[in-house]
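The sequence and structure are shown first.

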Amino acid sequence: MWNFPLFPDAASSMAGQVDALYFFLVAVSLFFTVLIFAGCGYFAIKFKRVDENFIPAGQKDNMVLEVVWSVIPFFITLVMFAWGAVIFFRVYTPPEGAMEMYAVGKQWMWKTQHPEGHREINELHVPVGRDIKMTMTTEDVIHSFFIPAFRVKKDVVPGKYTTMWFKPTKVGKYHLFCAEYCGNQHSGMIGSVHVMEPADYEAWLAGVNRGETMAQAGERLFTRLGCASCHQEDNKGRCPTLKDIYSKPVPLQNGQRVIADESYLRESILKPQAKIVAGYQNQEMPTFQGQVSEDGLLQIVAYIKTLTKPDAVAAVAAPAAAAPKPATKGGNKK
Amino acid sequence: MSATAIPRVHTPPPPDPPVRPAKHYINATSGLASWLLTVDHKRITILYLISITIFFAIGGFFAMLVRLELITPQGDLMTAETYNRSFSMHGIAMVFFFLIPSIPATLGNFLVPIMCGARDLAFPKINLLSWYCFIVGAVFALATAFMGGVDTGWTFYTPYSSTYANGAVLTAILGAFFAGFSSILTGLNFIVTIHKMRAPGLTWFRMPLFLWAMYATSIIQILGTPVVAITLILVGLERGLGFGFFDPKLGGDPILMQHLFWFYSHPAVYVMILPPLGVMSELTAAFCRRRVYGYHFVALSSVAIAVISFIVWGHHLFTSGQSVYAGMVFSVLTFLVGIPSAIKVFNWMATMFKASISFEAPMIYAFGFIGLFTIGGVTGLFLATLGLDIHMHDTYFVVAHFHYIMVGSAIFSYMGGLHYWWPKITGKLYNDTLGCISAVLIFLGFNATFFPQFILGYMGMPRRYHAYPAEFQFLNICSSLGATLLAVGYVLPAIYFTWSLFKGKDAGPNPFKAKGLEWEIPSPPPTENFTKVPVVNSEPYDYAPGAGH
Ligand code: HEC
Ligand SMILES: [Cu+2]
Ligand SMILES: [Cu+2]
């Protein structure tokens, strides 16, 4: 206990930016706190009651003063807001061409998977200096994927994918926490993120990785579950091709358009009726709810992603949050 | 500049020596039934005071277990399950059964009619009903504890609470549900009383600021509480009967529950803090002998807070996967709701300027309040800042922040108010020196307990952790030591208040020489409050008549 740091490690490209904003807020807070404490202290001493019968004169309210001390704090908070919003947008907008990693929360462990197929439990090995995008979900309750040294956190929510990204900048071992209370062993749902030199990472991965990549495993599932029987190359209009759909806008039967991100692919498999592709309203796709595990789903999604040529991805890699935008536009027209 | 430069107005020497009326509301009738079936708002105050004090003790006991466990990094004092149940029971007892009713149901119940110049609340029987709702809720809460407790936290997040949690979740939900109804009924009563039963001459802008605060609080109670009540029922239906509202396996949406829950529970923070803000204005005026500076701004800022508080709930969901743009809207609105609070603090300070400040226990509490409220307020700005909240959400920073507001500030003001009106409620004086000592102890203990948690939070220690990495231990020990001091500070008032009931000097009608209708009637007041309906023909707090306009 005698080794107690008072400030967290800063090991990602975001950490410095978050810390700078933090210190700005600390400075503003200190200024106002000192102002108020000193003011109260000074008044308390200076205007202490000495004469029991003394009644202080009344004061006139001053509109200008009221406006001044409302507007100045307001403008200061607007600066905080804008600065915070910029960082927020950056943290939750994965850059193009990021390395893909996957995580599934489960009471009470983190299962992570590399695209090359290697799986880890409560650990995540990543190369330093690379943008890494996490696509995450959970098999049961809500958890939250939190790496304090990277200053990033995102809840993992059952029934959908959430994403976040980071770029480690310092080799080392860092805490991975579950930040959302998830039951009995919530505080045991912790692990480590190992940031390695790229060469070490490659060597480590080559050493541990055996078997197929996520996409290969996904392809195998794709065949085994019978997806392939409908979604064939020459589907003759029976169902839409899955080629080159990832991260592109898909026209829906109701006139809206959605970006085919991971969440959309997932929903198309589990709840095909939720969003029907334009022109296929008469073709039923059966639901696969309950037939595929979360891990399996991620593999299928990884496989479908490989059906899209990389340059095509880059062209439309819109932020996940922007995805609903085109959809609502179409919806409002009606 | 010296105090002598200020024009002075001399009041005549104090009138009659303190006396205690022979007949008052406490001894008007006797027997247990006369208390349990009373419709006198002052007696219901006493019923509530006793009930919530018991829950404060229960909540405090669980807090103690939590702090004891966290002295060491390993989870060694109790199992994870016991720990999780302890912090959940702590939260449920403190939020639903102490903080939400604290000031409205006790000081509010006592003072709203008196400050209006009325003989009782508009619906005395509904007032009694509200206490019984509270008791039904309390019985469920106690039953929960005896059935082994719940481990969902006071937030009951789905699908954990609805599908996965063990423990008496349904019982706990019913407890919170009934407590919620007691709060709705109290709010309803206050709104009608303030609208309809003000004494002749008591216009809206002649009302004491405490009434404004209670009015704003009541609006939140009657508009917000039904939403959380229904949300909890939906959780109960999903858990008990398998209706799919929130669990995606049943076709529901778990985030929807968070939206519904915080739609009430953020405003509920203001149910907990608006009444303390109102009490603060009363304390500042009385112990500065001064009209509250910027009266209109302070009054309307309460209403502004109540209104804006309904549109900021999404700041609890910044990391939940809610759209980035929604996050931005909620962030900017959250900053906005901070402004009226800042206005109040500045106005209290302006009130102190060139005032005649007396250092009695209630005022010491008031100073403590300003300190804690300032720290709680500025740390709220950190959490409203989107880029920072990503890191700080669900860490000890949040725990520290909301304890500074909901516990530090709210309890300081509650205690300040209790010390200020104790002579009115009981007719007895307590030992003022002990009062000042307890205020200082609680202030020091509180900061020692919760300030380290800000640092822990930024370092990344998540909340609700039974065991934690060793590097967090030092600050956790500081926190637990502070909690010990805090406990002493809380026990002290229990002792000297009880002592004052038996041995205290008679207070007389106005021991603090304060202004306000409540100080014009005997202490303790008679059952009917006023023998003659009072007529109000001056501004509130007219210590120096005619000032301010
Ligand atoms: C019985 C034939 C059939 C089977 C089997 C089938 N699908 Fe489909 N799928 C369809 C049809 C028809 C549509 C278009 C209608 C709709 O959107 O629901 C579709 C749509 C989709 C879409 C959305 C495509 C787009 O362009 O937006 C995806 C993704 C998808 N399927 C994946 C799968 C996967 C993965 C499997 C196997 C687990 C599978 N499908 C099995 C018939 C099928
Ligand atoms: Cu967890
Ligand atoms: Cu809130």
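## Chain contact and a buried strand

In this model, 87 residues of chain B are in contact with 76 residues of chain A; two residues are in contact if their C-beta atoms, placed from the backbone, lie within 7 Å. The largest share of the side of chain B that touches chain A, 15 residues, is supplied by helix H10 (residues 324–352) of chain B. Helices (H or I, at least four residues) and strands (E, at least two) are DSSP runs, numbered from the N terminus.

The model is predicted: local features need pLDDT of at least 70, and side-chain atom pairs count only at pLDDT 80 or more, while totals for chains, interfaces and linings use all residues. Residues are numbered from 1 along each chain as its sequence is written, and chains are lettered from A and ligands numbered from 1 in the order in which they are written.

Strand S7 (residues 143–147) of chain A is mostly covered, with 5 of its 5 residues buried (20 or more other C-beta atoms within 10 Å of a residue's own, all placed from the backbone). From S7(A), His143(A), Phe145(A) and Ile147(A) point one way, whereas Ser144(A) and Phe146(A) point the other way.

Two strands pair if DSSP finds at least two bridges between them.

| Partner of S7(A) | Bridges | Direction |
|---|---|---|
| S8(A), residues 152–156 | 5 bridges | antiparallel |
| S10(A), residues 172–178 | 2 bridges | antiparallel |

His143(A) stands opposite Val156(A) in S8(A), and Phe145(A) stands opposite Cys178(A) in S10(A). S7(A) and S8(A) form a hairpin with 4 residues between them.

Note on methods:
Buried ≥ 20, exposed ≤ 12 C-beta atoms within 10 Å, placed from the backbone.
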